[in-house]
Amino acid sequence: MTVLEQPGSSRKKSSLAGPPPAWRPRVDPAPLLPDEEPYRLLGTDAAARLDSGLLTRLYAQLVRGRRYNAQATALTRQGRLAVYPSSTGQEACEVAAALALEDRDWLFPSYRDTLAAVARGLDPVQALTLLRGDWHNGYDPHEHRIAPLCTPLATQLPHAVGLAHAARLKGDEVVALAMVGDGGTSEGDFHEALNFAAVWQAPVVFLVQNNGFAISVPLAKQTAAPSLAHKAVGYGMPGRLVDGNDAPAMHEVLTEAVQRARRGGGPTLVEAVTYRIEAHTNADDATRYRSDAEVETWRSHDPIALLEHELAARDLLTDEFVAATRDGAEQLAAGLRERMNADPELDPMDLFTHVFAEQTGQLRSQAALLRAELDAEANGHTEDTAGADGSAEEARP
Amino acid sequence: MTTTAAPATARKPATMAQALTRALRDAMADDPSVHVMGEDVGTLGGVFRVTDGLAKEFGEDRCTDTALAEAGILGTAVGMAMYGLRPVVEMQFDAFAYPAFEQLISHVARMRNRTRGALTMPLTIRIPYGGGIGGVEHHSDSSEAYYLATPGLQVVTPATVEDAYGLLRAAIASDDPVVFLEPKRLYWSKADWSPDAPTEVAPLGRAAVRRRGSSATLITYGPSLPVCMEAADAAGAEGWDLEVVDLRSLMPFDDETVCASVRRTGRAVVVHESNGFGGPGGEIAARITERCFHHLEAPVLRVAGFDIPYPPPMLERHHLPGVDRILDTVARLQWESDWTEGRGE
């Protein structure tokens, strides 16, 4: 007779029953759980306490951002940009991410987050070199403390954790804010970054812009989690769910998370529920995977229109203010257009300049080969320059 | 070239693992930005005890036990390097490094290039590698070809106790990332080297001639060096005076030392544990052929591991290049030479 075959009546309650004696929940999960509904301010009574100066500042940045997106998209049609992943419809997330940070903090953007970098003060042209096919990163990350726009998904998240951790080890009160899309939350690096951040209590804020689709794959095929913000609980950090089209709400939630991190309170995962109005990039046909009706629903929840409503209620949306804001955005676009229409001058010899701090013999040989080819080109010669990758003696001066 | 200022004491046998430990300790003592991190490197002192005592001496913030996540270990180290630290990460075993490949290839190797020198990656990635210790699957890979195939990475592997110290110090001091491959079957090899004696910090990118010879050159590195030295000793009985070159650094590659040797001896055999097809030996043989063709008396030959997934421990002795296989290959050099000369007459 096996244990399972024994009649129930003969089984006595074991003193070994119940959970293992050493077990206890390590953290109370309740305070970490996100709200049931995305947090909103605009259109609620709480909007009354918002500072007018903040609202006008956010508005000006949203309008600039919308215009920037439109201009950059136009530049792809003119062949000036190889590709542009537009953040139209998501400007509130981008702007809030930039404005929630202090100068000393670091921003870790993904490829769709050029707007956050520009809102943080980065030269709009420098923000686009990657997408133009010019050098991969057109700016010094130290200048505005913006990491390179990251193309592989979620791989910048552990960088943000490491930088924030290093800053804290050095005694600097620096916070890192890392941006990722809904698709990126499925990547292994997302998991490892959040886990490290929580274990180390690193001063880092993760901002997930859930815009509904990873290229064409909808959120339902990306995750079975109640929300992306719920994922925070499993790591032992708070998750916040926020309306990503509500600029003041975004700003408030991110600012709170940044301040909490700076105080030593550890990381936060913020999920912004938003929508990508444009296709993934100009190379994508969004009509294949979503309906016009769905897009229209989100257009009616436009971040600029939402904020205009509040500004109008306060009599701040004067003709003068609207015109000045629009003029500023047009100037930004005109400057971008003009500068992007100039052909960049690249020095091919730069190919070898920044591979290693100290040039290897192999690269010196290859640089000599290219130099010879360039000289021949300049002199109108087309002779075969093969052999410049010559002997070891040539490689070592 | 620098020499540490440690007091000279009586030299006594020390292991490669001890030399590595001292290199880490000296580097941490010299430079507060050096941080050691990885799984089990703290309290346990590493599964091979290479990080033994570092957490106690420098604190857990500088010798950190991390969560079990190689991409996370390397990815956070990237961010730490961005903030001015010099992380030395441990991957514990060769095949355990594979989850970190995306960070290594997409970020570590190209960060300097991508940012035009604004962000550098002074990272050292320590990876115990290779077979011969009876490890179970995924504990014996020789993965150097993957790293060599990635521009922007330096790939270094010591074969002697002195080099273990000198090359690791140089790797940590380098402003560029170094994949530092530690031949785990040499961890317990001993040398007449005192952990307290002054030791040179070896420059990266320079091969060493370990044995002078005149009739052929064995080109090797890491775990295969002692095998080649033994083969060279044995070859004397058959009339071969073999030169042995220890590459020490696979990238940068020391064409100068290798070619000077091959031009002198006229014959070359490349010896390594990793598989031959697509392995480092193919690149090395091609470089020699391109540069020394007119000095060669025979084709450049290779003695490598078989082109198979790493075998189970009970069979690994058949897979790893041994003295006999090296000697048989050296004998073919003579055959090739005779054949060439014979045809010419």
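This is a predicted model: local features need pLDDT of at least 70, side-chain atom pairs count only at pLDDT 80 or more; totals for chains, interfaces and linings use all residues.
Student: How do helices H3 and H4 of chain B pack, at what angle and how far apart?

Tutor: H3(B), residues 70-82, and H4(B), residues 101-108, pack at about 25°. Their axes are 8 Å apart.

Student: Parallel or perpendicular, then?

Tutor: Roughly parallel, because angles under 35 degrees count that way.

Student: Which residues meet there?

Tutor: From H3(B), Ala71(B), Leu74(B), Gly75(B) and Val78(B). They meet Gln103(B), Leu104(B) and Val108(B) of H4(B). By class, this contact has five nonpolar residues, two polar and no charged.

Student: New topic. How much area is buried between chain B and chain A?

Tutor: About 3900 Å². Carbon and sulfur atoms give 62% of that. The contact takes 49 residues from chain B and 45 from chain A.

Student: How many salt bridges cross the interface?

Tutor: The rule finds one. The side chains of Asp350(A) and Arg116(B) form a salt bridge, at 3.8 Å from N to O.

Student: And how many residue pairs are in polar contact?

Tutor: Between chain B and chain A, 16, counting pairs with both residues at pLDDT 80 or more.

Student: Which element of chain B gives the largest share of the side that touches chain A?

Tutor: H3(B), with 10 residues. Elements of chain B that each supply at least two residues include strand S2 (34-38), H4 and helix H10 (280-292).

Student: What classes of residue make up that side of chain B?

Tutor: It divides into 17 nonpolar, 17 polar and 15 charged residues.

Technical notes. Residues are numbered from 1 along each chain as its sequence is written. Chains are lettered from A and ligands numbered from 1 in the order in which they are written. Side-chain values use heavy atoms; hydrogens and water are left out. Axes are lines fitted to C-alpha atoms, for helices over the stretch in contact, and angles run from 0 to 180 degrees between N-to-C directions. Helices (H or I, at least four residues) and strands (E, at least two) are DSSP runs, numbered from the N terminus. Angles under 35 degrees count as roughly parallel, over 145 as roughly antiparallel, 65 to 115 as roughly perpendicular and the rest as oblique. Contact means heavy atoms within 4.5 Å. Ala, Val, Leu, Ile, Met, Phe, Trp, Tyr, Cys and Pro count as nonpolar, Asp, Glu, Lys and Arg as charged, and the others, Gly among them, as polar. Buried area is the accessible area (1.4 Å probe) that two parts lose on being put together, summed over both. A salt bridge is a side-chain nitrogen of Lys or Arg within 4 Å of a carboxyl oxygen of Asp or Glu. A polar contact is a pair of N or O atoms within 3.5 Å; within protein, one must be able to donate a hydrogen and the other to accept it, and residues adjacent in sequence count only if both atoms are side-chain atoms.
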